[in-house]
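The following paragraphs go through one model, from its core to its sheet and then to some single residues. Please keep the sequence and the coordinates open while reading.

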Amino acid sequence: MENVVQVERYIQKQLESRIGQQKVLVLYGTRRVGKTFLLEQLAKKYAADSLFLLAEDINVQEKLAQRTVANYKGLFAGKKLIIIDEAQNIPEVGMALKLMIDGIKGITIIASGSSSFDLVNKVGEPLTGRSYTHLLLPVAQCELKKRENVFETISNLENRLVYGSYPELIYLDSNSEKEEYLKDLVQSYLLKDIFMYRGLRNSDKILQLLKLLAFQCGQEVSLNELANTLGLNKVTVENYLDLLMKVFIIYPLGGYSGNLRKEVVKSKKWYFYDNGIRNAIINNFNILASRIDHGQLWENYFISERIKYNQSRKYSPEYYFWRTYDGQEIDLIELVNGGLTAFECKWGIKKKKIPGAFHKAYPDASFTLINKENYLEYIS
């Protein structure tokens, strides 16, 4: 869609800042999140010095499969930026990229992969010390602020809590189009990638697991309970969760503790990178006024947007939740160099005191209640 160009992705500038450093820049992200479009924009900007290769093309695969420095020098002659889209299709891609970056001076390689386990697994060890990793997520609020004013942002908030922020979806007019898009995205792309992974068995269990996580979004999840509900063993559930993380559908928060006995540390909470995907999985696109999970949607939205916002400014805290066994809790904790920043997400509440146990244990930590009045200060 032509309109997608109006949203400038922050990762583009981060990628550009590393061009010329003799590195492989690995760009991950789910399908339809905008990777190919972003790479095409880079190829146009650096047209004279770039070579764009679509690795799904069998001819490209065959040419890159011949792993010799002489072959790569011939293919890349006169180019300083080599862009390989869907690089997981290249045989032994990690070793191929290593040979390219070691054997040809003065080049930068950008290699992208969708929800691809092969790219995640194969580029790791061969590219140790030779690569930077970037994760492209659905469009962030901090990216949208350049194309909409604050009144438009506030007006669009409830829509984004329900339908999320995948790039193409932003430009669909009707809610029925958005629902159809998200359902197709889940069934035809995201889940398909998982089900095709090395002949994965029990694919129906993966979908059931995702539904359980969607209904428990923002709540502590018991692996044993998940295993019992699904009729699987605990190790299998852990493996499935790992797969879902690698396709960038979900991510966990662990419990934070400063070694106080009453703090919960063993369990995890699971969140979705995009609200629209979460709602598509449970097939619920009702408006907020008719939902009982608006608090979950608000919490999931803010935490995911906060992560994208922090990435946009190259700020990399560790993320946790905090809870005591007697029920005092905080939704999000950011830890940087020993300093704590705490956020509590409440859709309809304007005032809330910091939990007493937290304030006593961590008197120097900041605490902010996140609601509709102030949320933009912390994600844009």
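Which residues does Ile249 touch, not counting residues up to four places away in sequence? In this predicted model, they are Leu190, Ile194, Leu210, Leu244, Tyr271, Phe272, Tyr273 and Ile277. Ile249 is found in the loop between helix H12 (234-246) and strand E7 (250-255). Its relative accessibility is 4%, under the 20% limit, so Ile249 counts as buried. A C-alpha separation of 23 Å lies between Ile249 and Ile287, which are 38 residues apart along the chain.

One of the residues touched by Ile249, Leu210, is also among the buried residues of helix H10 (residues 203-215). The 13 residues of H10 reach 19 Å from the first C-alpha to the last, close to the 18 Å expected at 1.5 Å a residue.

Ile249 also belongs to the largest nonpolar core, which has 106 residues. Within this core, Ile249, Ile84 and Leu97 touch the most other members. Ile84 is in contact with Leu97 itself, and also with Leu53, Ala55, Leu64, Ile90, Met100, Ile109, Ile110, Ala111 and Ser112, leaving aside its neighbours within four places in sequence. In soluble globular proteins, nonpolar side chains tend to be buried together.

The sheet comes next. Seven strands form an open sheet with mixed pairing, in the order E6-E8-E7-E9-E10-E11-E12. Strand E6 (220-221) and E12 stand at the edges with a single partner strand each, so one side of each has no neighbour in the sheet. Strands of a sheet pair through backbone hydrogen bonds, either parallel or antiparallel.

Both kinds of pairing can be followed at strand E11 (residues 339-345). Strand E10 (residues 329-336) and E11 run antiparallel and are joined by five bridges; Ile333 has Ala342 in E11 as its bridge partner. E10 and E11 make a hairpin with two residues between the strands, in which Asn337 takes a positive phi near 50°. On the other pairing, E11 and strand E12 (residues 366-370) run parallel and are also joined by five bridges. Here Ala342 has Phe367 in E12 as its bridge partner, and Glu344 has Leu369. E11, helix H15 (residues 356-361) and E12 make a right-handed β-α-β unit. Why is E11 described as largely enclosed by the rest of the structure? The reason is that five of its seven residues are buried.

Arg306 lies in helix H14 (residues 294-312). With a relative accessible area of 7%, against a limit of 20%, Arg306 is buried. A polar atom of its side chain lies 2.9 Å from the backbone oxygen of Tyr378. Tyr378 is also on the list of residues in contact with Arg306, beyond neighbours within four places in sequence; the rest of that list is Arg313, Tyr319, Leu332, Glu334, Phe343 and Ile379.

Most residues other than glycine have a negative phi, and most peptide bonds are trans. Glu86, not a glycine, has a positive phi of about 55°. Its place is in the loop between strand E3 (81-85) and helix H5 (93-103). Glu86 is buried, with a relative accessible area of 7%. Asn283 is found in the loop between helix H13 (275-281) and H14, and its phi is near 55°, a positive value in a residue other than glycine.

Terms used. Residues are numbered from 1 along each chain as its sequence is written. This is a predicted model: local features need pLDDT of at least 70, side-chain atom pairs count only at pLDDT 80 or more; totals for chains, interfaces and linings use all residues. Side-chain values use heavy atoms; hydrogens and water are left out. A nonpolar core is a set of buried Ala, Val, Leu, Ile, Met, Phe, Trp, Tyr and Cys residues joined through side-chain atoms within 4.5 Å. Buried means under 20% relative accessible area, exposed over 50%, partly exposed in between (1.4 Å probe, protein chains only). Contact means heavy atoms within 4.5 Å. Helices (H or I, at least four residues) and strands (E, at least two) are DSSP runs, numbered from the N terminus. Two strands pair if DSSP finds at least two bridges between them. A crossover is right-handed if, with the strands pointing away from the viewer, the path from the first strand over the helix to the second runs clockwise. The expected span of a helix is 1.5 Å times one less than its number of residues. A polar contact is a pair of N or O atoms within 3.5 Å; within protein, one must be able to donate a hydrogen and the other to accept it, and residues adjacent in sequence count only if both atoms are side-chain atoms.
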